[in-house]
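Visitor: Could you take me on a close look at the ligand and what lies around it? I am new to this, so please go step by step.

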Amino acid sequence: MKALVVGGGLGGVTAAVALRQVGWEVGVLERVPEFGEVGAGVGVMPNALRALAALGLADEVRRIGTPRVPGGIRDPRGRTLTRVDASHEDHVVAVHRADLHRVLRSALPPACLVTDTEVTDVDDLDADLVVAADGLRSRTRQALFPGMPQPVYTGTTAWRSVTRAVFPRDLGLGQTLGPGAEFGVLPLGDGRVCWYAATTAPAGGRSADELGEVRRLVADWHDPIPDLLDATPPEAVLRHDIHELAAPLPTYVRGRVALLGDAAHAMTPYLGQGACMAIEDAVVLAAVCARADDVAGALAEYDRQRRPRTQSMAKASRMLGRVGHKLRNPVLVKARDTAMRAVPPSIGLRGMARFMAWTPPSLSPDR
Ligand SMILES: Cc1cc2nc3c(=O)[nH]c(=O)nc-3n(C[C@H](O)[C@H](O)[C@H](O)COP(=O)(O)OP(=O)(O)OC[C@H]3O[C@@H](n4cnc5c(N)ncnc54)[C@H](O)[C@@H]3O)c2cc1C
């Protein structure tokens, strides 16, 4: 059986690895001329780490990712709103996207990856299965679901980067919530630190000095935020307006085509699960292909397993976004902070645990 994957992002490459592991012949068609050092950090949640473990890649990701450190949420003066200790089992492993992509690619023969190839019509592809992993602006989704609305701007712009300098290994993993802005810190395994900042802004805003824009938001916030910004080369700061596919698709499958990752369910980043869902999708797709008698049956099962989970994740992520940087009113900010201090961390984590408790299906055809 042969699959062609449209798009070689994290979702597409994971799908190729997983489908090869269940015996399929696979090719990935990617429009960029080469896979480069793109992106910043990605938080790999425990659920996605289990999916990577099913592919035999979790140990390598753990090796290059965040060491076991405490985490928590603070206010701009550094006062704790909620805390997670380092021994907590639901440990997030942040990695540089480029490193995660490299780990995934290392599990594929180079000939599987065809760059500089833009797919314009999936009907032209000679394969038993087409995996549309062509991202937020998926041309495949637009062609297969012409009546569905396009992704919408959520009103939030975000900056992301990774420091050049290294920081002490015990630097915590955390988030700081202020009025109208938030800042997040994800230490990487080699001591560099991935950070992000977010605020509400009109769509399309750009500055010649994006690092300066971040400083304007958070430079007087608690340590080590100013040091992290000082340790970041200005040219390494990425800015993205956050879009999401606000109207859920009625199905992730059309004929022999399965939509996967952002192409199927581009979501806001507040639960840190966008790429994690793409990785889960990939493992489930391979598992159902290993077991079903035909592609149609496999894809029906893929849709049945993935659509409810990813669409409820997208909804929960959107709701969570309402209580972060979107709050500007000082009374509401104070009420949020007071509520966060009052709720025991175990209760807050229980809400997250619901999403992180997922375990991957076996890739063996017998189970
Ligand atoms: C600010 C921000 C922070 C985020 N933080 C996190 C996080 O901490 N954790 C997390 O899990 N997720 C996070 N995400 C989400 C995550 O980045 C995405 O969900 C994830 O990268 C989606 O992967 P994908 O493979 O589906 O799509 P993409 O990574 O977009 O890949 C799509 C690929 O398809 C290619 N392509 C497109 N069209 C064609 C075509 N016609 N022919 C051939 N190739 C094509 C593109 O070049 C691209 O390589 C964040 C997103 C944002 C914006």
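Guide: Start at Cys-276, where a polar backbone atom is 3.0 Å from an oxygen atom of the ligand. Now look at Ala-275: one of its polar backbone atoms is 2.8 Å from an oxygen atom of the ligand. Keep in mind that this is a predicted model, so every distance here is computed from predicted positions.

The ligand is surrounded by 31 residues. Ala-275 is among the closest of them, together with Gly-11, Glu-30, Val-119 and Asp-262.

Next, turn to the second largest pocket, which has a volume of about 330 Å³. Its lining is made of 18 residues, and Gly-71, Gly-72, Arg-74, Gly-172 and Leu-173 lie nearest its centre. Strands E4 (71–74), E5 (80–84) and E10 (173–178) each give at least two residues to this lining.

One last stop is the structure's one aromatic pair. Phe-183 and Trp-195 are stacked, with 5.5 Å from centre to centre and 15° between the planes. Phe-183 belongs to strand E11 and Trp-195 to strand E12, so the pair ties together parts that are twelve residues apart in sequence. Phe-183 counts as buried because its relative accessibility is 1%, and Trp-195 counts as buried at 0%.

Key. Residues numbered from 1 in each chain as written. Predicted model: local features only at pLDDT ≥ 70, side-chain atom pairs only at ≥ 80, totals over all residues. Heavy atoms only, no water. 1 Å grid on protein atoms, 1.4 Å probe; cavity = no way out; pocket = protein on both sides within 12 Å on 5 of 7 lines; lining within 4 Å. Points joined across faces, edges and corners; volume = space filled by probe spheres on them. Helix = DSSP H or I, 4+ residues; strand = E, 2+ residues; numbered from the N terminus. Phe/Tyr/Trp six-rings, centres within 6.5 Å; stacked < 30°, edge-to-face > 60°. Buried < 20%, exposed > 50% of the residue type's maximum accessible area, 1.4 Å probe, protein only. Near = heavy atom within 4 Å. Polar contact = N/O pair within 3.5 Å; in protein donor to acceptor, adjacent residues only side chain to side chain.
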